[in-house]
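Biologist: I have a chain open and would like a quick tour. Can you walk me through it?

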Amino acid sequence: MMAEQQRDAPERELEQQILQMKKQHQLQHQILLQHFQQQQQHLAEQHDLQLKQYYKEFWERQKHLQELRQREQLEALRKKEKHEESAVASTEVKHKLQAFLRQRASGGSNKTPRVESSCWSKNMDTSTDGIPNSNDFPLRKTASEPNLLKVRLKQRVMERRCSPMSKRHLPSPLKKKLLSSCLPPSESPPQEPPKELSPPCESDEYQSHALFSSPSMPNISLAAHHVLSPDLSEAALRAACTARLGMPLTGQMLPGTLPFYPSLPAIESEHEETPLDTISELQEPQQRGVIRPLGRTQSSPLPLGHPLLEGPPPPILQPPQPPPEEEQKDVELKDNESRSIRPLSRAVSSPVVHLGIPEPPTLSRRRSSTTPTTGLAYDNQMLKHTCICGNNIVHPEHAGRLQSIWSRLLETGLVARCDRLRPRKATTQELQTCHTENHTILYGTSSLNRHKMDTSKVTFVRLPCGGIGVDSDTTWNEMYTASAARMAVGCTVDLAVRTWTGDIKNGFAIVRPPGHHAEPQQAMGFCFFNSVAIAARILQREHRVHKILIFDWGMHHGNGTQDIFYSDPRVLVISLHRYENGNFFPGTGSPNDCGVGEGLGFNVNIGWNGGLNPPLGDAEYLAAFRSVVLPIAKEFCPDIILVSAGFDATDGHLPPLGGYRVTPACYGYMTRQLMQLCEGRVVLALEGGYDLPSICDSAEECVKVLLGDTPSDICPSELSRAPCHNAVMSLQEAISVQMKHWPCLQMSSKSGMISHNDAVRSEKEDKDTVSAMASLSMQHQSMMSPPRVLMQQGFQPLKCQDAGRPMD
């Protein structure tokens, strides 16, 4: 028993230790949980306090602004002149008016006898008894208040007369006295009407009751009517009125009558005509040589035989003469631009009216060449997409990117050499070619349309700067982000379509926000709509383009573009990006992602690994381009190439956004090489790039190359330097995955391990070897086929079994 107890003692001690440890862990867990809850509660209280403080400051600002507006309104009312009319009375006037009304109401209720001083005596111009008492009229009548007594008198007089032009019947003496006793006072003496306009009066008593003028109303004579001047006839007056109204003198439209509209611009005229102001000018109208729009005032067509319906006289045939060289260029330019400039067509409701010989439209010469040139797409609407905080320091994707690039292109004169496309916003149908309906409604329309979608998955976050965003990087502006994103898509789509139709040779879309991170139902990485992907879909569906190459040379992988075309064999997506084994944003772009289904092999990812030791530059990018990108592109043989042109791999970007040292000359070289495919139909769309000097230099270099200029020289040290070991390993990984889908990579895989100069030299040697082998094979064929002379001399050719044997 003792032995058994001694054996069980260690086990019991171990169990007790385990229990103590469990109790310690539970205590620690409870303590940590309690600390966590306290910290969470503390943070929640801080958050509530911050929100309360924010709302308090917001309401204080609103209250302060409202007080300022009220003060400005009061100041405007106080500074109002007496002669200015206003429908809003001041506060002092309202108080005085209320006091006056209460005083009058109390006086009426007491029914105290009042002295009849409110009515004026008949001899008010000579005596002072008729001056009203100040107690009866404590308020001064302002200029905006109507003279009620005068209006009533005028209404009574108008009721008694059937027409203001007819003669007025004089009132009886009793009514005259009442009228004279109730006339309003006036500081000015009574004004008599002019003699030539006064009506014939039968009594002098009538003239003594003329109305006095009021300072607040014009002097309206209620008894007198106007007589036309004998110098003007009724016909002349009618003509003057109709001339100002733009109507014909008669009820019908006279042939060739075109009314005068001073508000409409003149056509084919270099001077302005003054309207007719006098009757002499109306009676002797000047001959107008101006054809004005909307000339006819009736909707009926002109009668047959009208001179305006007659066509121009037939031209006199002359022997054709060879046009000069400059005129021939102008004719070719007009014929070429007529495809993209649509003239205004006649509306369905407008009659067919011939207005003479139309002159051909004057086309301004924007370039010396008549062939299609490079197109540029840009609009200021995309600059309004900014965070509501207004601080561009904390937001690398800001409007200054586009402003800097466009200013550089203007300064260097490249904009004048290009065709600038008219910008437009993409339609919702175009957006839904690559994005879901909810995504389109949420980020492409106003907030009033959000009731049509499921708002359970709609999330906006409050950024540290105080603004609103889709995530911690992608800012959202309720007023301008949707229109800017749709404008970026519309510009890219139009540029790609016009390049495909031949209106322009190639193009560069200077747009923002970028798009290659936008997935079908997710906005991220500064992107809302995938502009390049939507342009590719439009080319596929509406223009029947069979093969499209999308090349993304940005620093970050275009996860949205890959997701949209992952199973489409008609669109080849090649991405050259920093991968770091999935640890670099957005974490996608593995070399093993080659596509699914029919699209297997049509998604090529070249992901750089190894960090920034050393930072990659032109040597590595040139090696990837000549060993992987260019061979696959040549074998695919695309109809058009769309480039997601992100310039964030240039020098000047911090490691979270870039960290590489690719030069603008390298981007120009890759653009030049792509232009040698698919007849030069290459369209670049701006994606990333946040260092302003670097992106300006890169965009300028690419536009120069698109225009046909010689690209800048790459640094000789980069041309002679072999790619670093990390880059070679990344290239070999991508080639080993894609070699089963693209056999052409077997020949080009060796060029990714040597410098650019060595690769060019090796390619030249291979070409020389091939040409030498071809010449030797031709000589061998000529030796194997004996000439006709030898055949005639009896020499017979060798037989097949003797062809490979050595000669004795």
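Modeller: One term before we start: helices (H or I, at least four residues) and strands (E, at least two) are DSSP runs, numbered from the N terminus. This is a predicted model, where local features need pLDDT of at least 70 and side-chain atom pairs count only at pLDDT 80 or more, while totals for chains, interfaces and linings use all residues. Residues are numbered from 1 along each chain as its sequence is written, and side-chain values use heavy atoms, with hydrogens and water left out.

Biologist: Fine. How many helices and strands are in the protein chain?

Modeller: The protein chain has 23 helices and 10 strands.

Biologist: And what percentage of the 808 residues counts as buried?

Modeller: 35% of the 808 residues are buried. Buried means under 20% relative accessible area, exposed over 50%, and partly exposed in between (1.4 Å probe, protein chains only).

Biologist: What is the order of the strands in the open sheet?

Modeller: Eight strands make up the open sheet, in the order S2-S1-S5-S10-S9-S6-S7-S8, with parallel pairing. Two strands pair if DSSP finds at least two bridges between them. Strand S2 (419-420) and strand S8 (603-608) are the edge strands, each pairing on one side only.

Biologist: Start with S1. How many bridges link S1 and S5?

Modeller: Strand S1 (residues 374-377) pairs with strand S5 (residues 506-509) over four bridges, in the parallel sense. Ala377 sits opposite Ala509 in S5. S1 also pairs with S2, again parallel, over two bridges. There, Leu376 has Arg420 as its bridge partner.

Biologist: Which way do the S1 residues point?

Modeller: Thr374 and Leu376 point one way, Gly375 and Ala377 the other, and all are buried. In a regular strand the side chains alternate between the two faces of the sheet.

Biologist: Which helix lies across S1, S5 and S10?

Modeller: That is helix H18 (residues 692-707), which lies across S1, S5 and strand S10 (682-686). H18 runs at about 165° to S5. Axes are lines fitted to C-alpha atoms, for helices over the stretch in contact, and angles run from 0 to 180 degrees between N-to-C directions.

Biologist: Now S6. Why call it largely enclosed?

Modeller: Strand S6 (residues 548-552) is largely enclosed by the rest of the structure because five of its five residues are buried. Ile548, Ile550 and Asp552 are on one side, Leu549 and Phe551 on the other. S6 runs parallel to S7, joined by five bridges. Ile548 stands opposite Val571 in S7.

Biologist: Where is Ser575 found?

Modeller: Ser575 is in strand S7 (residues 571-578).

Biologist: Buried or exposed?

Modeller: Ser575 is buried, because its relative accessible area is 3%. Its side chain makes a polar contact with the side chain of His577 (2.8 Å). A polar contact is a pair of N or O atoms within 3.5 Å; within protein, one must be able to donate a hydrogen and the other to accept it, and residues adjacent in sequence count only if both atoms are side-chain atoms.

Biologist: What else does Ser575 touch?

Modeller: Not counting residues up to four places away in sequence, Ser575 touches Asp552, His557, Gly558, Val604, Asn605 and Ile606. Contact means heavy atoms within 4.5 Å.

Biologist: Next, the loop between S7 and S8. Where does Thr588 stand on accessibility?

Modeller: Thr588 lies in that loop. Thr588 is partly exposed, at 30% relative accessibility. Thr588 and Gly558 are 30 residues apart in sequence and 8.3 Å apart in space, C-alpha to C-alpha.

Biologist: And Asn583?

Modeller: Asn583 is in the loop between S7 and S8 as well. Asn583 counts as exposed because its relative accessibility is 69%.

Biologist: Last one. Which residues have the most contacts inside the largest nonpolar core?

Modeller: Phe508, Trp553, Leu642 and Phe647 do, in a core of 118 residues. Helix H16 (residues 618-636) supplies the largest share of this core, 11 residues. A nonpolar core is a set of buried Ala, Val, Leu, Ile, Met, Phe, Trp, Tyr and Cys residues joined through side-chain atoms within 4.5 Å. Leaving aside neighbours within four places in sequence, the contacts of Phe647 include Phe508, Trp553, Tyr667 and Leu686.
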